[in-house]
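Let's take a walk through a protein together.

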Amino acid sequence: MKRILVTGGAGFIGSHLCRKLVGEGHEVVCADNLFTGSKKNTRALLECDNFQFLQHDVVQELQVEVDRIYNLACPASPIHYQRDPVRTMKTSVLGALNALDLAKRVHGRVLQASTSEVYGDPQVHPQPESYWGSVNPIGIRSCYDEGKRAAETLFFDYHRQYGTDVKVIRIFNTYGPNMDPKDGRVVSNFIIQALKGEDITVYGDGRQTRSFCYVDDLVEGMLRMMESRDGFIGPVNLGNPGEFTMLELAKKVIDLTGSKSKVVHCPLPQDDPTQRKPVIDLAKRELGWEPKVSLEEGLKKTISYFEDVLSHSSSIRD
């Protein structure tokens, strides 16, 4: 069993990762400044002897003794990361530096949760890890996109210069329980709107595509990458290669919720990618990993979660 630090551990993905690690018997330190994370996501874990919550901002050094570090800390939805773009960039870059310095000091292994956003609005489809991307460095999404690209650079340079034991994954669209109902992501938006009987807002013509990975599948990929063979650094795409248009997703959500919601179209945001689909051959070969949960199965579980959220939250319902 290991002592493991999860930065951003009270967030959507981080909380699922913490629960999995605690369940496997590891000693888990969850560090989160609660900018977008929530203590309720880890409430059940607070009763566990092998779980510790620290309210901490990763732009500041954290002095802990650990064997493994999962660096997940960063706002990941446009609504959140555009609210304070300078803070977002600091979190990506300074957070990566602090995670790397900690790993270097304790001689531990550190995994960087990067993102498919490093590919920007891709000119290569689907996206392999070898593709360098097409990113606007001065747009409204740049604080996140370029922040994550800079973090990847730091991880590889620490490995080359100091021999730091690093792993890098690129996370594609992920969904599931513990998503913030107000984070503006497409799956949570569509489900909340459908459950409330509101119009479902589709940006642009709705023909832009995304690939949706259920959170349990992603966490399994993260665990496998962390414990993958020495010398294998990545980056590795982790996502579901099933590709759906926004209109297809909206229809599926309406069907699964039995909603009478109608689709309405809104202007497409600046630099919103038109296509997004991972090539996961490397993850299959090196990690023996591929997603198992179908979109319909995952949506049913996520809809059930949001039904419960709505039933207990008048602030969201109203």
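Which residues have the most contacts inside the largest nonpolar core? They are Leu17, Tyr70, Met222, Leu238 and Leu249, and the core they belong to has 61 residues. A nonpolar core here is a set of buried Ala, Val, Leu, Ile, Met, Phe, Trp, Tyr and Cys residues joined through side-chain atoms within 4.5 Å. Buried means under 20% relative accessible area, exposed means over 50%, and partly exposed lies in between (1.4 Å probe, protein chains only).

Before going on, a word on the model: it is predicted, so local features need pLDDT of at least 70 and side-chain atom pairs count only at pLDDT 80 or more, while totals for chains, interfaces and linings use all residues. Residues are numbered from 1 along each chain as its sequence is written, and side-chain values use heavy atoms, leaving out hydrogens and water.

Leaving aside residues up to four places away in sequence, Leu249 touches Val186, Val187, Phe190, Phe212, Leu295 and Leu299, where contact means heavy atoms within 4.5 Å. Apart from this core lies another one, of 22 residues, among them Leu62, Val66, Tyr158 and Val168.

Now look for the sheet. Its 7 strands form an open sheet with parallel pairing, in the order E3-E2-E1-E4-E5-E6-E11. Helices (H or I, at least four residues) and strands (E, at least two) are DSSP runs, numbered from the N terminus, and two strands pair if DSSP finds at least two bridges between them. Strand E3 (51-55) and strand E11 (236-238) stand at the edges with a single partner strand each, so one side of each has no neighbour in the sheet. On average, neighbouring strands are turned by 20 degrees against each other, direction ignored. Angles run from 0 to 180 degrees between N-to-C directions, with axes fitted as lines to C-alpha atoms, for helices over the stretch in contact.

Strand E1 (residues 3-7) pairs with strand E4 (residues 68-71) over 4 bridges, and Val6 stands opposite Tyr70 in E4. Helix H1 (residues 12-23) packs on the sheet, and its direction makes about 170 degrees with that of E1. Helix H3 (residues 85-106) lies across E1, E4, E5 and E6, running at about 175 degrees to E4.

Among the residues it touches are Gly9, Ser15 and Phe53.

Finally, turn to the charged residues. Side chains of opposite charge can pair when their charged atoms come close. The whole structure has 20 salt bridges, each a side-chain nitrogen of Lys or Arg within 4 Å of a carboxyl oxygen of Asp or Glu. One of them joins Glu65 and Arg105 (2.9 Å, N to O). Glu65 lies in the loop between E3 and E4 and Arg105 in helix H3, so this pair ties together parts that are 40 residues apart in sequence. Another joins Asp165 and Arg109 (2.9 Å, N to O). Asp165 lies in strand E6 and Arg109 in strand E5, so here the parts tied together are 56 residues apart in sequence. Asp165 is partly exposed at 29% relative accessibility, whereas Arg109 is buried at 4%. Salt bridges that share partners join Arg109, Asp165 and Asp230 into one network.
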